Amino acid sequence: MMKKLYLSLLWHQHQPYYKNDSDGRFYMPWVYLHALKDYYEMAAHVEKSGVKAVFNYVPSLLIQLKEYTDFNAADNFLILMRKQTSSLTQEERQLVLNQCCMANFNTMIKPIKRFYELHQKIVASNGNAADFSDAEILDLEVVYILSWCGEYLRQEDTHIKYLLSKGSSFTEEDKIELLKHAADWVSKIVEIHKRLQVNNQAEISCTPFYHPILPLLIDINSAKEVCPDMNMPAFEGSLEDDASWHVREGLNEFESHFGFRPKGMWPAEGSVSQKAAEIFADNGISWIATDEEVLGNSLQINMKDGANRHRLYQKHFQIHNGNKINIFFRDKMLSDLIGFTYSSWNEDDAVNDFMHHLKNIYDSVDFSPHVSVILDGENAWEYYNKNAYNFFTKLYDRLTHTDWLQTQTFSEVISNYDIPEETLHNIKAGSWIMGNFRIWIGHPEKNKAWELLSKTKRSIEKHISNADKAAAEQIYKEYHAAEGSDWFWWYGDDHFSIQADIFDKLFRTHLVNIYRLLKLNVPSELFTPIKAVKNSGVITKPSSYICPKIEGKISNFFEWLGAGEFDLKSDAGSMHAGGDILQHILYGFDDENLYIALKSDFSSIENTVCQIDVSCSDNKKTFEIDLDCKKNTSGDITYAIDHILEASIPLKLFKGAEKIYLEFKLIQNGLVIEKAPLYNAVEINIADDFKEEWIV
């Protein structure tokens with residue numbers, strides 16, 4: 001039998017629970033928008049191509065999707081969209097405009113001519129809705145929804161095609177018909193996945209109910225298994241019963257939507273532990289999956305060492321109470337290439353590179369290897385051209401026409417005896433981000449949230465007997481929703497969202513609702529925001545011209561005095577790139593040069609290039625700095641590396657520009673290992689004139 005490489009693709013579909021059950025409203029429209037753009041589309045790629053894949057759905061997402069099949073869904077944004085534009089108050093018009101700015105500029109705004117025109121006016125007016133006519137607000141509403149329509153929706157829906165060709169001057173009837181077609185489209189999502197399962201083209205799996213970090217519910221101290229120095233919250237009691245509830249009821253909720261019980265589960269954020277695996281097995285789950293770093297920690301080996309990589313491409317299993325559970329481990333590099341790197345590549349180059357890496361794996365072992373590629377199935381595609389339509393079309397075509405490769409679902413892999421397997425005697429607690437739980441616990445804000453959970457749990461245990469049956473059911477629903485991972489994700493300094501305050505409020509609202517249902521006084525601390533206010537990556541703006549000496553260190557206090565400072569991790573968003581080297585920069589300028597000081601630890605990396613992309617409206621320059629070469633004074637860029645990386649770039653290269661934009665990449669062996677900022681860019685206004693502020 002010919003050796004083959006077996007590839008399993010898992011696309012994880014998840015959005016937080018955005019609904020406040022006390023008023024029945026959705027406070028953010030991201031489930032709805034991703035439903036138009038991603039959920040059906042990802043399944044349609046598979047149905048069209050013949051590739052096999054796994055689609056993982058979070059039960060709390062399925063509940064929300066069902067509500068959005070109703071044209072009258074109680075979403076705060078859609079309620080405004082359904083109103084006659086001329087009847088919107090000034091505050092409502094501003095809310096509409098603010099939401100309609102939330103789309104990727106290059107791939108969603110710019111390709112739609114009218115959206116680009118309106119966006120230019122938004123920028124020029126500093127986002128003031130009062131500067132927009134009723135007709136402009138109406139056009140903005142329509143093109144915003146159109147920008148979130150995926151390629152399949154644009155191809156298959158006649159009204160969408162009509163609106164795209166019409167381009168502008170939309171009517172209220174155009175808008176309402178668009179919203180009706182959108183609701184109908186959402187209703188097709190579960191059906192296409194059922195069809196794929198029945199036709200054996202895909203396997204549908206799920207996650208525990210509200211997407212909790214299960215090991216932390218089972219034992220909050222599991223965070224210390226890999227990080228013994230973790231700063232822990234003051235947490236009393238156990239949530240282990242809740243962990244079992246999320247698994248058990250998650251399976252029941254999934255079955256109510258799809259009509260069958262899944263065989264596998266993707267634990268939220270790939271978070272696993274030994275005890276978590278036992279709970280999954282006891283609930284009849286035959287497979288779970290997580291990240292290769294968890295495998296490395298469990299086996300106590302370095303997974304980056306080529307001598308150990310073959311262990312990743314075997315199957316692993318455990319047996320609990322007579323139940324066999326298989327544990328799959330994602331190839332981090334391959335998964336992250338799709339999630340964070342290929343979006344900026346030509347599609348042919350990206351597909352060729354991906355296939356090249358698979359062939360290297362195939363050639364590196366003397367058995368039939370199994371490769372798991374697992375990542376978000378919704379958040380990456382808005383950074384690709386055409387929502388990654390061309391990328392997936394070409395990738396799936398290559399996968400189906402490569403004789404040494406076969407795509408299989410995880411359940412098929414379990415029955416595939418061509419792949420060697422080994423017993424995994426112990427699972428070290430961890431997640432798919434750095435193999436630990438630091439994203440969800442340890443920071444003072446995250447710990448505060450855990451402490452509020454603990455206090456609320458004790459109040460429930462003490463007073464639940466006084467609540468009637470309906471109130472008790474709602475109390476537990478609110479509490480389980482508050483255990484979701486997303487609230488903790490947005491606390492702390494790891495990730496940035498301009499809507500972080502809404503996430504904060506929703507988390508605290510779940511707990512507030514519990515106290516009200518218990519008919520208790522709500523603790524005042526639940527009305528105080530946990531999240532520190534942070535609106536962008538700008539820590540300080542430049543306050544004067546600077547002219548530092550480029551020598552790789554700040555040797556004089558005054559040379560960077562007046563510089564701006566930017567947190568390069570400020571837009572880490574709802575995905576995590578994994579890198580942690582590029583942290584923040586100092587920046588400034590004089591009449592002739594832009595100056596940058598990149599404050600990072602480069603001592604831990606070798607054979608790496610730091611790429612700096614500098615662009616303005618009609619010009620882009622790319623500078624590559626070999627981090628092993630400590631100084632360069634020739635060419636357009638002058639730099640030096642010692643304690644920091646200092647560089648100067650002539651402003652004449654961007655003559656006439658008022659604003660320039662910086663992006664940084666670390667490239668190792670031709671691969672992007674880190675990008676910062678992850679999605680946007682550092683904006684620098686070089687038109688600032690500080691001369692009046694000079695003091696002699």
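Visitor: Hi! Which residue does K37 form a salt bridge with?
Guide: K37 pairs with E382 in this predicted model, and their closest N and O atoms are 3.3 Å apart.

Visitor: Where in the chain do those two sit?
Guide: K37 belongs to helix α1, while E382 is in the loop between β10 (370-376) and α18 (389-400). The pair links distant parts of the chain, 345 residues apart.

Visitor: Is K37 buried or exposed?
Guide: K37 counts as buried, because its relative accessibility is 2%. E382 counts as buried too, at 12%.

Visitor: How many salt bridges does the count come to?
Guide: The count comes to 37 salt bridges. One of them joins K121 to E136, with the closest N and O atoms 3.0 Å apart.

Visitor: And which helices does that pair link?
Guide: K121 is in helix α6 (residues 113-124) and E136 is in helix α7 (residues 134-147), 15 residues apart. K121 is partly exposed, with a relative accessible area of 29%, whereas E136 is buried at 17%.

Visitor: What about E249, which residue is its salt-bridge partner?
Guide: That would be R248, and the closest N and O atoms of the two are 3.4 Å apart. E249 counts as partly exposed at 24% relative accessibility, and R248 counts as partly exposed at 36%.

Visitor: Which residues are joined into one network by shared partners?
Guide: Salt bridges that share partners connect D291, E293, R330, K332 and D336.

Visitor: Changing topic: how many residues are in the largest nonpolar core?
Guide: The largest nonpolar core has 187 residues. Those with the most contacts inside it are W11, F55, Y144 and L358. Helix α1 (residues 30-49) supplies the largest share of this core, 12 residues.

Visitor: What does Y144 touch?
Guide: Leaving aside residues up to four places away in sequence, Y144 touches W30, L33, F77, Q99, C100, M102, A103 and F115. There is also a second, separate core of 37 residues, and it includes Y545, L645, L651 and L662.

Visitor: Helix α2 next. How many of its residues are buried?
Guide: Helix α2 (residues 59-68) is mostly covered, with 8 of its 10 residues buried.

Visitor: Which ones are they?
Guide: The buried residues of α2 are P59, S60, L61, L62, I63, Q64, L65 and Y68.

Visitor: Okay, now E646. Where is it found?
Guide: E646 is in strand β21 (residues 645-650). E646 is buried yet has no salt bridge.

Visitor: Which side chain of opposite charge is nearest to E646?
Guide: It is K553, 9.0 Å away.

Visitor: So which backbone nitrogens does the E646 side chain reach?
Guide: The backbone nitrogen of G552 lies 2.9 Å from a polar atom of the E646 side chain. The E646 side chain also reaches the backbone nitrogen of K553, at 3.3 Å.

Visitor: Last topic: what is the mean pLDDT of the chain?
Guide: The mean pLDDT is 91, and 95% of the residues reach 70 or more.

Visitor: Where does pLDDT stay under 50?
Guide: It stays under 50 over residues 691-696, for which the model has 3 contacts beyond four places in sequence. Where pLDDT is low, the predicted coordinates should not be read in detail.

Note on methods: Residues are numbered from 1 along each chain as its sequence is written. This is a predicted model: local features need pLDDT of at least 70, side-chain atom pairs count only at pLDDT 80 or more; totals for chains, interfaces and linings use all residues. Side-chain values use heavy atoms; hydrogens and water are left out. A nonpolar core is a set of buried Ala, Val, Leu, Ile, Met, Phe, Trp, Tyr and Cys residues joined through side-chain atoms within 4.5 Å. Buried means under 20% relative accessible area, exposed over 50%, partly exposed in between (1.4 Å probe, protein chains only). Helices (H or I, at least four residues) and strands (E, at least two) are DSSP runs, numbered from the N terminus. Contact means heavy atoms within 4.5 Å. A salt bridge is a side-chain nitrogen of Lys or Arg within 4 Å of a carboxyl oxygen of Asp or Glu. Lys and Arg count as positive and Asp and Glu as negative; His and the chain ends are not counted. A polar contact is a pair of N or O atoms within 3.5 Å; within protein, one must be able to donate a hydrogen and the other to accept it, and residues adjacent in sequence count only if both atoms are side-chain atoms. pLDDT is the predictor's confidence in each residue, from 0 to 100.
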